[in-house]
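User: I have a structure to work through. Please take me through it in short steps.
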2 protein chains.
Amino acid sequence: MSDELLNLRKNIDRLDEEILVRLAERARHAQRVGEIKQGNVYRPEREAQVLRRLGAANPGPLPDLAVQRIFREIMSACLALERPLRVAYLGPAGTFSESASRKHFGSAPNFVPTSTIEEVFRAVEAGNVDYGVVPVENSTEGVVGGTLDLLLENPLQICGEVKLRIHQHLLSKAAGIGALKRLYSHAQSLAQCHEWLNRKLPSLSRVPVASNAEAARLASEDAESCAIAGEAAADLYGLGVLAANIEDDPNNTTCFLVIAHHDADRSGQDKTSLVCSAPNRPGAVHALLEPLAKHGVSMSKLQSRPARGGLWEYVFYMDIEGHRDDPEVAAALKELNERAGFVKVLGSYPGAVI
Amino acid sequence: MSDELLNLRKNIDRLDEEILVRLAERARHAQRVGEIKQGNVYRPEREAQVLRRLGAANPGPLPDLAVQRIFREIMSACLALERPLRVAYLGPAGTFSESASRKHFGSAPNFVPTSTIEEVFRAVEAGNVDYGVVPVENSTEGVVGGTLDLLLENPLQICGEVKLRIHQHLLSKAAGIGALKRLYSHAQSLAQCHEWLNRKLPSLSRVPVASNAEAARLASEDAESCAIAGEAAADLYGLGVLAANIEDDPNNTTCFLVIAHHDADRSGQDKTSLVCSAPNRPGAVHALLEPLAKHGVSMSKLQSRPARGGLWEYVFYMDIEGHRDDPEVAAALKELNERAGFVKVLGSYPGAVI
């Protein structure tokens with residue numbers, strides 16, 4: 001081994017030891033925090049702040065995301081010193097819900113798959129787990145109505161959100177799109193890239209298959225076929241990427257909510273989810289939104305949904321920017337309360353960091 | 001917030017920054033290693049050494065496993081600076097194979113699920129991925145014969161192993177085992193706890209169900225039922241643990257191998273897998289093992305398997321302690337070569353650390 005290589009390794013070893021010493025000291029401090037707070041140590045707003053700050057302070061060359069993943073794991077381990085968190089998610093294991101849970105909580109908690117979204121809510125409510133992770137907007141299913149209904153009926157609060165981004169590529173053995181005849185993909189992926197396909201490859205025959213991995217395999221059999229699939233499949237089947245990120249929605253993400261008995265304190269970059277009702281008459285929704293406009297509160301999502309009881313015909317789910325304790329949000333919510341038949345704040349929480 | 005709490009947080013923030021600075025420096029060194037080694041930077045033996053050293057140097061209070069998980073993530077991120085590793089595993093996503101892959105490689109690589117074990121081998125052989133992770137001994141299926149056959153036929157080498165431990169508990173709402181009438185569990189778990197059940201609860205009626213989570217749910221419906229399942233299910237369904245770790249094999253682990261074009265260099269605590277043939281006559285296997293005994297080489301596994309070709313009736317898979325470059329192992333292998341009809345070293349690699 002060359003002298004330079006040996007030196008580099010020695011330096012890496014020294015740095016690892018310096019990191020280890022600091023990890024241990026950090027863990028001791030975290031333990032003391034646990035003693036003072038008597039076990040209630042998971043603070044979503046604090047985690048978000050730490051991750052944001054380290055992302056901002058990151059000098060490179062590691063990408064911010066990599067730094068944040070490492071610190072997520074560090075916080076996860078420190079937190080588990082007290083008692084491992086218990087987190088329920090919509091199973092089975094290996095679904096996006098599990099990925100989302102691990103992305104948000106690191107690998108230290110005990111993760112519990114459930115068979116329904118309702119069971120996630122019940123497990124948190126009964127105290128059998130500390131947190132629940134439920135899909136709320138799913139690129140394969142759209143808005144997850146069941147989650148919205150449960151949030152409305154249930155006393156639990158939203159204390160965090162997780163986003164998983166999903167990219168789709170056009171893969172083929174062919175050198176260009178000119179000679180392509182067949183396109184294989186899962187029906188959901190075909191739907192997600194529908195507009196792009198209509199614009200660029202309107203005459204291509206689209207063959208829905210069981211999975212995108214299967215699509216890539218089929219596309220690898222001849223140069224007249226192509227597939228829509230993720231990057232991993234291109235590597236595996238030796239396909240070229242003819243066009244990258246062809247999903248119609250460039251923010252093609254699956255969103256999850258973290259639910260608990262309490263929402264989060266202010267972190268400085270928060271959002272608030274709420275649900276409210278409006279009478280079924282022209283201009284009612286417009287009037288409902290006026291307090292937000294007046295106080296300069298941005299709305300990032302508005303979603304109407306048929307009410308299940310008889311009192312109102314529709315309820316509206318809204319995400320607004322800011323924490324319910326921020327003065328302008330508090331003022332807007334107060335006025336909204338006076339106007340709407342019904343308002344329920346589902347929780348204020350830090351926007352997804354990682 | 002109390003002064004002490006504020007101070008603790010300030011200290012934690014300072015430590016995080018100190019860790020961040022060192023992470024960045026470590027990453028720069030790792031980049032330089034990559035330049036010198038021209039991309040070929042993943043060294044399984046080096047990773048194992050680093051993880052072992054940090055486990056040994058760990059002053060607490062974090063458990064060694066937590067420290068090793070954090071450093072696995074750090075090494076994973078540094079390695080990905082060059083180009084993310086590509087790792088194929090037996091899919092679908094969410095199986096134990098995926099957990100094993102992430103446990104071994106951290107979260108930075110591109111993971112590619114395949115539909116067969118053979119496809120994992122093909123993907124590595126063709127260079128579409130850098131590494132493959134295949135089950136070799138599975139608590140739900142026993143030895144995975146397909147993997148052994150492929151290792152025999154294929155030029156790929158073993159460069160690492162991963163172990164996932166699986167615990168089973170007896171769960172119930174009942175306070176003791178006296179009044180129990182029914183036991184629910186997945187058939188595999190029933191098989192895994194067979195001896196314990198015969199000894200302790202011979203008259204209990206055993207009801208195989210679709211999953212252990214389902215078993216726990218059924219057991220939560222009355223106090224005459226119990227279930228065999230993991231700890232997570234106990235939490236979720238509010239069941240008590242009547243007996244912990246009741247699996248017959250206390251080392252109830254699922255083992256995986258990491259395959260690549262090359263095996264690993266010496267790490268100081270290695271094992272070597274090999275396959276050899278013996279003539280079908282009394283004492284043949286005993287004679288085959290003599291060189292190992294003579295040179296003080298321990299054997300940790302011996303597995304016979306019908307040969308698929310016509311030349312020998314049986315082949316033997318062996319794991320021995322030590323690296324093929326260790327003098328005593330090299331000497332034993334040399335003699336073994338002279339005696340056996342056929343010997344193939346499948347690879348030397350560090351034993352699983354985490």
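Analyst: Start with one term. Buried area is the accessible area that two parts lose on being put together, summed over both. Keep in mind that this is a predicted model.

User: How much area do chain A and chain B bury between them?
Analyst: The size of an interface is often given as the accessible area lost when the parts come together. The contact draws 68 residues from chain A and 68 residues from chain B. Carbon and sulfur atoms carry 67% of the buried area. The total is about 6300 Å².

User: How many salt bridges are there between chain A and chain B?
Analyst: Over all chains, the structure holds 53 salt bridges. One between the chains pairs D13(B) with R53(A), at 2.9 Å from N to O. The count between chain A and chain B is 14.

User: D13(A) and R53(B) also meet in a salt bridge. Which helices do they lie in?
Analyst: Their N to O distance is 2.9 Å. The pair joins two chains, because D13(A) belongs to chain A and R53(B) to chain B. The helices are α1 (residues 3–37) of chain A for D13(A) and α2 (residues 44–57) of chain B for R53(B).

User: Which residues are linked with D13(A) in a network of salt bridges?
Analyst: R53(B) is partly exposed, with a relative accessible area of 27%. R53(B) is also one of the residues in the network. The residues linked with D13(A) are E17(A), R46(B) and R53(B).

User: R266(A) and D326(A) form a salt bridge. How many residues apart in sequence are the parts it ties together?
Analyst: The bridge spans 2.7 Å from N to O. R266(A) sits in the loop between β11 and β12, and D326(A) in the loop between β14 and α12. So the pair ties together parts whose separation in sequence is 60 residues.

User: What separates E35(B) and R32(B) along their helix?
Analyst: These two form a salt bridge, with the closest N and O atoms 2.7 Å apart. E35(B) is exposed at 51% relative accessibility, while R32(B) is partly exposed at 30%. Both lie in helix α1 of chain B, three residues apart, so the separation is about one helical turn.

User: How far apart in space are V343(B) and I158(B)?
Analyst: V343(B) is in strand β15 of chain B. V343(B) and I158(B) are 185 residues apart in sequence. From C-alpha to C-alpha, the distance in space is 15 Å.

Technical notes. Residues numbered from 1 in each chain as written. Chains lettered and ligands numbered in written order. Predicted model: local features only at pLDDT ≥ 70, side-chain atom pairs only at ≥ 80, totals over all residues. Heavy atoms only, no water. Contact = heavy atoms within 4.5 Å. Buried area = accessible area lost by both parts, 1.4 Å probe. Salt bridge = Lys/Arg side-chain N within 4 Å of Asp/Glu carboxyl O. Helix = DSSP H or I, 4+ residues; strand = E, 2+ residues; numbered from the N terminus. Buried < 20%, exposed > 50% of the residue type's maximum accessible area, 1.4 Å probe, protein only.
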